[in-house]
Amino acid sequence: MADRILVTGGAGFVGSHVCKALAGAGLVPITYDDLSGGNKEAIRWGPLVTGDLADRDKLDFAMTRFKPRAVIHLAGVIAAGESVADPAKYYRINVVGSLELLGAMRRHGVDAAVFSSSAAVYGDAAEMPVTEDAAIQPTSPYGRTKAAVEGLLQDYVAYGLRSISLRYFNAAGADPDGELGELHEPETHLIPLVLEAAAGIRDVFEIYGTDYPTPDGTCIRDYVHVSDLARAHVLALERLARPGRAGAEAFNLGSGKGASVQEVIAATERVTGLVPPTRNGPRRPGDPARLVADPTRAMQQLGWQPRHDDLDTQIGHAWAFLDSRMGRRLRRAG
């Protein structure tokens, strides 16, 4: 029988792609999700347990029923701006929820975890590109909760837990096969927001800050294709399964390239032939000016290589999914 992997947040954007990648590797993903932000339609490669991380009885049920070999932990809240306004929500869900999950793992003898962390743990890093040895100095409650869970994983080595934290930079794109894509409600990620403005689904795309110390004044981010992220989780599980593997590790997942908000808008125009309406707004609290990955360690130690690191390709996949999801042909130029 194929090994089972419990995937918290498996109905979400990254989580659903992870489940597809697990199935492609011959593993059985068990999605554990409260569906507050996930999409039930995206659960196609294994069973669903509907529950949140605060539900100890449901966690115990999932562990007892499916006996997973390992856990991939993606469940949580992810909007840095919202975390500044409502930090209690972020600590309750991201940190306390992770404690409950780790408790269930200990009760049921599950000793391997892959954690969905974030480049937000670095905050305003002093040097670019950022390596895993950079200082952990998050600038938002969201980033601090990710750093706190990484700390828990390091401390839980005392209980025999083996873990890998994957520090995502900006997840982008959509499944190249067209089966999955981004469906947040409300949407908070930059590329789908720009595409929705281009398609006329939203009136305008707001640029949060045009006075950053960058060449065009807008924030620079490293965009990594969601399918590349998903494949990294499979590689992380393989690393954890090697004999003698112990402790807690962390790896950056990024393309190693940076693109500004204005460059994303220009790429959207190239890919779609449409000009998204924009307006300039104030900076969001907690947003660093520039965040670009050095993914060398993941390449060397996980054997990971991004296959879709071109921004136009990422936007093209996201655009194709949006077109399909709308059930009609989006208006085109000309």
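Strands β1 and β2 run parallel to each other and are paired over 5 bridges. Within this pairing, Thr8 has Tyr32 of β2 as its bridge partner. The model described here is a predicted one.

The two strands belong to an open sheet of 7 strands, whose order is β3-β2-β1-β4-β5-β6-β11 and whose pairing is parallel. Strands β3 and β11 (248–253) form the edges, each pairing on one side only. From one strand to the next, the twist averages 20°. In general terms, the strands of a sheet pair through backbone hydrogen bonds, in either a parallel or an antiparallel sense.

## Strand β4 and its neighbours

Strand β4 is parallel to β1 (residues 4–8), and 4 bridges join the two. Val7 is paired here with Ile72, its bridge partner in β4. Strand β4 is also joined to β5, by 3 bridges and again in the parallel sense. In that pairing, His73 is placed opposite Phe115 of β5.

The side chains of β4 may be considered by direction. Ala70 and Ile72 point one way from the strand, while Val71 and His73 point the other way, and all of them are buried.

Angles over 145 degrees count as roughly antiparallel.

Helix α5 lies across β5, β6 (162–168) and β11. Relative to β5, helix α5 runs at about 160°.

## Contact of α2 with α4

A pair of packed helices is described by the angle between their axes and the distance between the axes. For α2 and helix α4 (residues 87–107), the axes come within 10 Å and cross at roughly 40°. The two helices are therefore oblique to each other, and their crossing is right-handed.

On the α2 side, the contact is made by Arg56, Leu59, Asp60 and Met63, which meet Glu100, Leu101, Ala104, Met105 and Arg107 in α4. Sorted by class, the residues of this contact are 5 nonpolar and 4 charged, with no polar residue.

## Contact of α1 with α7

Helix α1 (residues 13–24) and helix α7 (residues 226–240) have axes that come within 8 Å and cross at roughly 55°. That angle makes α1 oblique to α7. The crossing of α1 past α7 is right-handed.

In α1, the residues in contact are Phe13, Val14, His17, Val18, Ala21 and Leu22. They meet Val226, Ser227, Leu229, Ala230, Arg231, His233, Val234 and Leu237 in α7. By class, this contact comprises 10 nonpolar, 3 polar and 1 charged residue.

## Backbone features in loops

Met128 and Pro129 are joined by a cis peptide bond, with omega at about -5°. Pro129 is located in the loop that runs between β5 (112–118) and α5 (141–155).

Two residues other than glycine have a positive phi. For Leu35, phi is near 65°; this residue lies in the loop between β2 (28–33) and β3 (48–50). Leu35 has a relative accessible area of 25% and is therefore partly exposed. For Lys67, phi is near 50°, and the residue is found in the loop between α2 (56–66) and β4 (70–73). Lys67 is exposed, because its relative accessible area is 63% and the cut-off for exposed is over 50%.

## His189

His189 is situated in the loop between β7 (170–172) and α6 (190–199). Its relative accessibility is 22%, so His189 counts as partly exposed.

His189 and Leu161 are 28 residues apart along the chain, and their C-alpha atoms are separated by 33 Å.

Conventions:
Residues are numbered from 1 along each chain as its sequence is written. This is a predicted model: local features need pLDDT of at least 70, side-chain atom pairs count only at pLDDT 80 or more; totals for chains, interfaces and linings use all residues. Side-chain values use heavy atoms; hydrogens and water are left out. Axes are lines fitted to C-alpha atoms, for helices over the stretch in contact, and angles run from 0 to 180 degrees between N-to-C directions. Angles under 35 degrees count as roughly parallel, over 145 as roughly antiparallel, 65 to 115 as roughly perpendicular and the rest as oblique. A crossing is left-handed if the near helix is turned anticlockwise from the far one by less than a right angle, and right-handed if clockwise. Contact means heavy atoms within 4.5 Å. Ala, Val, Leu, Ile, Met, Phe, Trp, Tyr, Cys and Pro count as nonpolar, Asp, Glu, Lys and Arg as charged, and the others, Gly among them, as polar. Buried means under 20% relative accessible area, exposed over 50%, partly exposed in between (1.4 Å probe, protein chains only). Two strands pair if DSSP finds at least two bridges between them.
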